[in-house]
Amino acid sequence: MVAKRKTKDVEPLYQRAEKHLGRREWPEAEKALREALKLRQNLGGWGLLAWTLAEKGDHSEALAAAKKMRTLALRQRSKPLISLASCLLGYIHHYTGRKNWAERYYRESLEARPRV
């Protein structure tokens with residue numbers, strides 16, 4: 001019964017975060033995402049938090065959230081999710097000017113899931 005209750009509580013938080021993201025209100029979106037992640041840890045939540053923090057300009061926190069997403073993806077051994085997490089790490093490194101790290105993670109993303 002507790003798990004169902006938590007799931008119902010998480011949905012409005014993600015909807016609120018989505019609304020704030022649409023308006024480019026990064027601090028409010030971050031707050032809603034962190035509250036949702038306290039209730040239920042998932043890959044998508046960590047990825048969305050990492051992207052939000054990167055857009056906000058908090059790159060060290062964004063990298064930490066993306067690494068958490070990648071760690072969870074590696075545990076699940078899901079190549080598409082590992083690819084997505086690695087691509088997100090590459091994007092953050094590229095955005096901060098670390099081209100070598102960005103290339104490393106982009107290549108890792110393509111190794112996990114080849115695409116055009």
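The model is predicted, so local features are given only at pLDDT of at least 70 and side-chain atom pairs only at pLDDT 80 or more, whereas totals for chains, interfaces and linings use all residues. Residues are numbered from 1 along each chain as its sequence is written, and side-chain values use heavy atoms, with hydrogens and water left out.

## Helix 4 and helix 5

Helices (H or I, at least four residues) and strands (E, at least two) are DSSP runs, numbered from the N terminus. Helix 4 covers residues 59-76 and helix 5 covers residues 79-95, and their axes come within 8 Å and cross at roughly 165 degrees. Helix 4 is therefore roughly antiparallel to helix 5. Here an axis is a line fitted to C-alpha atoms, for helices over the stretch in contact, and angles run from 0 to 180 degrees between N-to-C directions; angles under 35 degrees count as roughly parallel, over 145 as roughly antiparallel, 65 to 115 as roughly perpendicular and the rest as oblique. The crossing of helix 4 with helix 5 is left-handed, a term used if the near helix is turned anticlockwise from the far one by less than a right angle, and right-handed if clockwise.

Contact means heavy atoms within 4.5 Å. On the helix 4 side the contact includes His-59, Leu-63, Lys-67, Met-69 and Arg-70, and on the helix 5 side it includes Leu-81, Leu-84, Leu-88, Ile-92 and Tyr-95. By class, this contact of helix 4 with helix 5 has 14 nonpolar, four polar and two charged residues, where Ala, Val, Leu, Ile, Met, Phe, Trp, Tyr, Cys and Pro count as nonpolar, Asp, Glu, Lys and Arg as charged, and the others, Gly among them, as polar.

The 18 residues of helix 4 should span 26 Å at 1.5 Å a residue, and its end C-alpha atoms are 26 Å apart, which agrees; the expected span is 1.5 Å times one less than the number of residues. Helix 5, with 17 residues, reaches 24 Å from its first C-alpha to its last, close to the 24 Å expected.

Buried means under 20% relative accessible area, exposed over 50%, and partly exposed in between (1.4 Å probe, protein chains only). The buried residues of helix 4 include Ala-62, Leu-63, Met-69, Arg-70 and Leu-72, and the buried residues of this helix pack against helix 3, helix 5 and helix 6.

## Helix 5 and helix 6

The axes of helix 5 and helix 6 also come within 8 Å and cross at roughly 165 degrees, and these two helices are therefore roughly antiparallel to each other. Helix 5 passes helix 6 in a left-handed crossing. Among the residues that meet are Lys-79, Ser-83, Cys-87, Tyr-91 and His-94 in helix 5, and Lys-99, Trp-101, Tyr-105, Glu-108 and Ser-109 in helix 6. By class, the contact of helix 5 with helix 6 has nine nonpolar, six polar and three charged residues.

Among the buried residues of helix 5 are Ile-82, Ser-83, Leu-89, Gly-90 and His-93, and what covers the buried residues of this helix includes helix 3 (43-56), helix 4 and helix 6 (99-112). Just after helix 5, Gly-97 takes a positive phi of about 90 degrees.

## Single residues

| Residue | Relative accessible area | Contacts |
|---|---|---|
| Leu-43 | 10% | Met-69, Leu-72, Ala-73, Gln-76 and Leu-81 |
| Thr-52 | 0% | Leu-21, Trp-26, Ala-29, Glu-30 and Leu-33 |
| Ser-83 | 2% | Ser-109, Ala-112, Arg-113 and Arg-115 |

Leu-43 lies in helix 3, and its C-alpha atom is separated by 18 Å from that of Pro-12, 31 residues apart along the chain. Thr-52 is also placed in helix 3; Thr-52 and Glu-25 are 27 residues apart in sequence and 9.4 Å apart in space, C-alpha to C-alpha. Ser-83 belongs to helix 5.

Most residues other than glycine have a negative phi. Arg-24, which is not a glycine, has a positive phi of about 60 degrees; Arg-24 is found in the loop between helix 1 (2-22) and helix 2 (26-39), and is exposed, with a relative accessible area of 55%. Arg-77, in the loop between helix 4 and helix 5, has a positive phi near 55 degrees and, at 73% relative accessibility, counts as exposed.
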